[in-house]
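Subject: Structure handover

Hello,

Please find the structure below. Some notes on a helix pair and a few strands follow it.

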Amino acid sequence: MKYRFGVLTILAVGMAAFVAPVSAHHSFAAEFDGSKAIRLVGKLTKVDWSNPHTYFYLDVKDDRGKVVNWACEGGGPGALSRRGLAKGDLKLGDTIVVDGYRAKDGSNLVDARRVTLPDGRSIYGGTPGDGGPGDNGQ
Amino acid sequence: MSVSLFQFCQWLNDTTFSTALRESTLMFPIVESVHTLAITLVVGTVAMVDLRLLGFVLRKEPVSKVAGQILPLTWIGFAVMLISGLMLFAAEAAKCYHNPAFRLKLILLVLVGLNPLIFHFTIFKSVDRWDEVPRTPGRARLAAVLSLSLWSGIIVAGRAIAYFN
Amino acid sequence: MSLLHLFHWYDHTTLAAAMRKSTWAFAVVEMIHLIGLALLGGVVLIVNLRLLGVVFRGRAADRIARELWPFLAASVAVLTVTGVLMVSEETVKCYYNTAFRLKMLLFLPALFLSIGIHRRLAGAGAQPDSGTAAKLAACASLALWLGVGVAGRVIGYL
């Protein structure tokens, strides 16, 4: 039937065109580089404790001594609290260590895999044994 | 004093309810999952009616009977979608305001509502004459194709919201 | 070859690498997965609700089952292909993900039950015996597919 193919083709093309220019934020492999692990140590400046993803921001000194603000993307509040990290555990000004994967576009954004708090407690967001940054193995 | 749409969205975003939902450990995932799975109740059922109009399924059943049997399920699904959708919107109202995918989804929702309205008040009025014929009128089939396309577009736009956050 | 080896092997295929490299492939595949879900849901709801006597009561169940069968098959095919493609995103993580495992465990019984229901209805004539067994099968089918859907949602939250 004439209409059907036409309309469905438009839909398919529209769908691809709509999605293509967006650097697919929200699928791990498209946004983050699985081969670029990094460790950040810095002072916590902001916490965005919300669904579907939490974000926390660190002031990190780069090798030239300049302070740069980095964004760290974590799982949702549910996933984090199940792993033992509650909203109140992150206090602004604390020095936090984040192990994660860098964003592909080179921006100051990481997919946080392990977060280590000032009291030494650390929370791993990956699966033990998956070889991610901060993975202590099975 | 006029309140801009954005100010309303920001206000809604900051209410105790919205904030609690946005920061929740369990509620947000549950509401989001209900919203996604209810796609079956709304789009899945409507698709069956559309497929009947296109002559693919339930061919021996009168069109009016197919619509009468299935659309109540669709309405139930729509109620679930609306409630869960409003909750999700409230939780992220400020972000949604700027989100092009969300805006597109709303436009498509209006269109997908207009389509059956027009269908109902035009070609469907004469359904007695084509209720059981082997090939439904062109306008009925057009409405079915538009319905399937618009609902698919709504699913796509809905999923794309996360990509523009 | 163990299951874990299979997942590692898949992880290293060109296809999986291409999926991960692309900025848009995963998104498009996931959207198609959702559209497939809608279609599968429609078929499963209508067939099971007919068995339960909620819709099309007294109407020829064998015809309904036979006519909807191609759409069950097509939607399952689409969901399977898109599903496999999405696993390539973080293959080994999926292997260890409890919700993913549960979804895979429920998927085959759900599918086989649906196939069984369609075959029985198609051969049973217009008014199949809608006794307790048939109604239980319909409820089980709805429950299994709901389980598959819920497990699928939980994958992303673990």
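Axes here are lines fitted to C-alpha atoms, for helices over the stretch in contact, and angles run from 0 to 180 degrees between N-to-C directions. Helices (H or I, at least four residues) and strands (E, at least two) are DSSP runs numbered from the N terminus. This is a predicted model, in which local features need pLDDT of at least 70, side-chain atom pairs count only at pLDDT 80 or more, and totals for chains, interfaces and linings use all residues. Residues are numbered from 1 along each chain as its sequence is written, while chains are lettered from A and ligands numbered from 1 in the order in which they are written.

Chain B: helix α3 (residues 27–37) and helix α5 (residues 63–91) have axes that come within 9 Å and cross at roughly 140°. That makes α3(B) oblique to α5(B) (under 35 degrees counts as roughly parallel, over 145 as roughly antiparallel, 65 to 115 as roughly perpendicular and the rest as oblique). Residues in the contact (C-beta atoms, placed from the backbone, within 7 Å) include B:F28 and B:V31 of α3(B), and B:V80 and B:M81 of α5(B).

Chain A: strands β2 (residues 54–61) and β3 (residues 67–74) pair (at least two DSSP bridges) in the antiparallel sense, over 8 bridges. A:T54 has A:G74 of β3(A) as its bridge partner. The two strands, β2(A) and β3(A), form a hairpin with 5 residues between them, and A:G65 in the turn has a positive phi of about 90°. β3(A) also runs parallel to strand β5 (residues 109–116) of chain A, joined by 3 bridges. There, A:E73 has A:D111 of β5(A) as its bridge partner.

Regards

Key:
Two residues are in contact if their C-beta atoms, placed from the backbone, lie within 7 Å.
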